[in-house]
Amino acid sequence: MTETTRCAPGDWVEVESILLEPADRSANLPDDTAAQPLRMWVKGFARTAAGVGDELTVETMTGREVTGVLVEVNPGYFHTFGKPAPELTAVGRDLRIRVAAYRKAGG
Amino acid sequence: MAGRTEAIMARKGEIMKRALGMDYAQFERSPIAFDYEAMMSAHGYSLEQIIAIQRSGGVGKTPLLELRNLTDLVRSYAEPGFGARLFVKDEAANMAGSFKDRRASVSIHVAKEKGYAGVIAATSGNYGAAVSSQAARAGLNCIIVQEAFDSRHVGQPEIIEKSRICEAFGAEVVQLTVGPELFSHMLELLDETGYLAASLYSAFGISGIESLGWELAEEMTALTGAPPTHVVVTHAGGGNTTGTARGLRRAGATTQVVSASVDLSGLHMASDADFNRKSFTTGHTGFGVPFATWPDRADVPRNAARALRYMDRYLTVTQGDVFYVTEAMAKLEGLERGPSGNTAMAAAISLARDLPRDATVVVQETEYTGAGKHHWAQLNFARENGVEVRAGDPTESVPGKSIVIPERPEQIRAKDFDLSKLRRSYVRNALAHAGEGYAPTSEDIEFLAVDTNSDAASIEAIVASLKEA
């Protein structure tokens, strides 16, 4: 699958920006979090043509204008179920046997 | 950019007053006490009106199911004469797949009535789906602000699914990396848009959950002749416990309210590294304990969700227990539901074993499942993030390091969290927030007693021992 690296005006895209640099972040953060900038991703319709990595303004679903760096054109979702956990595959079989045995014994 | 957070936080009071649709100052009585019941009834809707609002939004009246196979499974290893009847309220049957629809429905109704153009909520959970769905029906704009990624831009699959479903319902989703500054950005968005803050913790939201407690009491009475002896509630921010308990009381039930959370002790909720080492994004002690001991940490001046006021017991279970029970529910009862909602189910299976057969235990929610939220997805993600997953004794699990899945249902043993510790911690927090040197009045002591479901003498004793410490 080839990634689209450019958007046209009106395309559905995702932009990224930095809301707070590490120095501007809240006090009392754990060290690992404090060392990182607070980053933001928002999706919307591209105002202009742009390439991935370019600064771009989008109009979001609520009509707000948000400016950031174009990271993806037509962003999707690829989360899944994955493989069954081996620790769980026999649970159904074993518990059905136990319930049946309990009932057979007059429980 | 320096000072951006300070600048917006300085205007917090003014922004929230407009965004909440209610002036909280009228309920304050002292640096400690406030008039909780006046706050809860200020919206002016009766329970009947709330139920009517919810019905028109496609919310509520979910199936109450008896779990005969799970009940017999528990009885197969309980002592003779023990093993309570198990029931579940299938809240996944709501419009957006969870009880959170009840919570969202009243806020959205108020936003529409008061003429707001849209709503904003900060949530990485099912509440975002609920607000997005109800807003779509009401023709309102909706922004959901999510803590979604760690600094590598890796997201919990459950949260990624929540981003997807919110966008499916037409919401604008603002995804952030880990950090509490999410709140200051929500303030900026409220300021920019003029939308209603559809807080999880508003009186609108919590009143919306009362219908759940009321409904299940009525349905159990129709089915068994009486309200349930026990209701088990997955607990995080406290709204589920609070609203359900209030609804049960409205129905005249004297049901024991048992809150339940997944034990995630040792993991820091604001840590970038820990963020993706937990397999539960809610219903865990990382929210459950801090919100029980200081509910007013929420994004409203006074939190309508006050779990300690209502819980009779607080049980914790392990992540492995909940995954096991999630699998068992699907295979034995034909109910494939999300793991977070099954937290209470894992606790209920342990509880039912120790109760007589004529006791009735209702688990008052389920949530939808699917790609990302599914327990297989969660376990695969845990493995990818270096968490050990194995079968064995679940008491050996270490949150963030290992998930131990029980080999037999007998191994599911919920632990009682000591409520007196929670109460003491709550009183300490209340005194600290009142300011140094503030001496609580008798009205304050009475408020703290009610707010912790204890009595004035116990509160006096805690105050005295904190002074000595």
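## Chain A: composition and dimensions

Chain A contains 2 helices and 6 strands, where helices (H or I, at least four residues) and strands (E, at least two) are DSSP runs, numbered from the N terminus. This is a predicted model, in which local features need pLDDT of at least 70 and side-chain atom pairs count only at pLDDT 80 or more, while totals for chains, interfaces and linings use all residues. Residues are numbered from 1 along each chain as its sequence is written, and chains are lettered from A and ligands numbered from 1 in the order in which they are written.

Read from the N terminus, the elements of chain A follow the order β-β-α-β-β-β-β-α. The radius of gyration of chain A is 25 Å, whereas a compact globule of 107 residues would have a value near 13 Å. This radius is taken over C-alpha atoms, and the globule rule is 2.2 Å times the number of residues to the power 0.38. Along the principal axes, the C-alpha atoms of chain A fill a box of roughly 70 × 40 × 30 Å.

## Strand pairing in chain A

Strand E6 (residues 65-73) of chain A pairs with E2(A) in the antiparallel sense over 4 bridges; two strands pair if DSSP finds at least two bridges between them. Within this pairing, Leu70(A) in E6(A) stands opposite Val15(A).

E6(A) also pairs with strand E5 (residues 55-59) of chain A, in the antiparallel sense and over 5 bridges. Here Val69(A) in E6(A) is the bridge partner of Glu55(A). The hairpin of E5(A) and E6(A) has 5 residues between the strands, and Gly63(A) in this hairpin takes a positive phi near 90 degrees.

## Interface between the chains

Contacts join 38 residues of chain A to 52 residues of chain B; two residues are in contact if their C-beta atoms, placed from the backbone, lie within 7 Å. On the side of chain A that touches chain B, the elements giving two or more residues are strand E2 (12-20), helix H1 (31-34), strand E3 (38-46) and helix H2 (91-104) of chain A. H2(A) gives the most to this side, with 8 residues. By class, the side of chain A that touches chain B has 18 nonpolar, 10 polar and 10 charged residues. In this classification Ala, Val, Leu, Ile, Met, Phe, Trp, Tyr, Cys and Pro count as nonpolar, Asp, Glu, Lys and Arg as charged, and the others, Gly among them, as polar.

Strand pairing also links the two chains: E3(A) and strand E5 (residues 172-177) of chain B pair in the antiparallel sense over 2 bridges. Leu176(B) in E5(B) stands opposite Met40(A).

## Chain B: composition and sheet

Chain B has 18 helices and 13 strands. Its radius of gyration is 21 Å, close to the 23 Å that the globule rule gives for 469 residues, so chain B is as compact as a globular protein of that length. The C-alpha trace of chain B spans about 60 × 50 × 45 Å along its principal axes.

Seven strands of chain B form an open sheet with mixed pairing, in the order E1-E2-E10-E7-E8-E9-E13. Strand E1 (64-66) and strand E13 (415-416) of chain B are at the edges, each with a single partner strand, so one side of each is left without a neighbour in the sheet. E13(B) pairs with strand E9 (residues 313-317) of chain B in the antiparallel sense over 2 bridges, and Asp416(B) in E13(B) is the bridge partner of Leu315(B).

## Helix packing in chain B

Helix H16 (residues 419-434) and helix H18 (residues 456-468) of chain B pack at an angle of about 65 degrees, with their axes 10 Å apart. Axes are lines fitted to C-alpha atoms, for helices over the stretch in contact, and angles run from 0 to 180 degrees between N-to-C directions. H16(B) is therefore roughly perpendicular to H18(B), a term that covers angles of 65 to 115 degrees. Arg423(B), Arg424(B), Val427(B), Arg428(B) and Leu431(B) in H16(B) meet Ile459(B), Ile462(B), Val463(B) and Leu466(B) in H18(B). By class, this contact has 6 nonpolar, no polar and 3 charged residues.

The axes of helix H4 (residues 47-56) and helix H10 (residues 203-224) of chain B come within 9 Å and cross at roughly 95 degrees, so H4(B) and H10(B) are also roughly perpendicular to each other. Residues of H4(B) in this contact include Ile50(B) and Ile51(B), and those of H10(B) include Glu210(B) and Trp214(B). By class, the contact of H4(B) with H10(B) has 4 nonpolar, 4 polar and 1 charged residues.

Terms used. Angles under 35 degrees count as roughly parallel, over 145 as roughly antiparallel, 65 to 115 as roughly perpendicular and the rest as oblique.
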